[in-house]
Amino acid sequence: MDKETVDRVISPDLVSLEEPPAEKEAVIQHLLDLAVKAGRVSDREQALEDLLAREEETSTGVGKGIGIPHAKTAGATEPTVAFTRSSEGVDFGAPDGKPATLLFMILVPEAKSSEHLEILSSLSRALMNDEVREDLHTADSPKEVTTVLTNAIT
């Protein structure tokens, strides 16, 4: 993905550095609320239903302390990535059994389903880098988080 796309998909208003809830569904709602406040969701209930349905299909814990709940949904107005981090971690059913401390949510309008896979794969690749994960854990501001992600993805 190019820098312009990354900047459009994740902006500082989609980042929360406050400690999120400790339960998976509550974290998903916390991330969803960031997208709602940023004006990227037209139907919160539809987006939540689609996120939870996707979560039931298969776990979105990818390992290495990363959880990426994601969905294509009619409830989203534009491709969006929201982020928070947890000091204790949240169980997202990762194959390595580790709780997720870096938590991302991807929402993409149904009409833009190709962008869904592009965002998911670009983000997943970037997060395999130990330094990127460490920088996300230590970032002091939402802007610093978006800078780390932009540099890692582009």
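**Entry 1: K64**

I began with K64, which is partly exposed at 43% relative accessibility; the scale calls a residue buried under 20% relative accessible area, exposed over 50%, and partly exposed in between, with a 1.4 Å probe and protein chains only. Do keep in mind that this is a predicted model, where local features need pLDDT of at least 70, side-chain atom pairs count only at pLDDT 80 or more, and totals for chains, interfaces and linings use all residues. Residues are numbered from 1 along each chain as its sequence is written, and side-chain values use heavy atoms, with hydrogens and water left out.

I then looked up the backbone of K64 and found phi near 55°, a positive value in a residue other than glycine. K64 sits in the loop between strand 2 (61–63) and strand 3. Helices (H or I, at least four residues) and strands (E, at least two) are DSSP runs, numbered from the N terminus.

**Entry 2: G61**

Next I went to G61, which belongs to strand 2. G61 is buried, with a relative accessible area of 9%. I listed its contacts (heavy atoms within 4.5 Å): beyond its neighbours within four places in sequence, G61 touches I66, G67, F92, G93, A94 and P95. I also checked G61 against P109, 48 residues away along the chain, and their C-alpha atoms are separated by 22 Å.

**Entry 3: strand 6**

Which strands pair with strand 6, and in what sense? I used the rule that two strands pair if DSSP finds at least two bridges between them.

- Strand 3 (residues 66–67) runs parallel to strand 6, joined by two bridges, and G67 has L103 as its bridge partner.
- Strand 4 (residues 70–73) is also parallel to strand 6, over four bridges, with H70 opposite I106.
- Strand 5 (residues 80–90) runs antiparallel to strand 6, with seven bridges, and V90 is partnered by A100.

I looked at burial too: in strand 6 (residues 100–109), 10 of its 10 residues are buried.

**Entry 4: helices 2 and 3**

Last, I turned to helix 2 (residues 24–37) and helix 3 (residues 44–57), which pack at about 140° with axes 11 Å apart. Axes are lines fitted to C-alpha atoms, for helices over the stretch in contact, and angles run from 0 to 180 degrees between N-to-C directions. Helix 2 and helix 3 are therefore oblique to each other; under 35 degrees counts as roughly parallel, over 145 as roughly antiparallel, 65 to 115 as roughly perpendicular, and the rest as oblique. From helix 2, the residues making the contact include I28 and L32, and from helix 3 they include L48 and L51.
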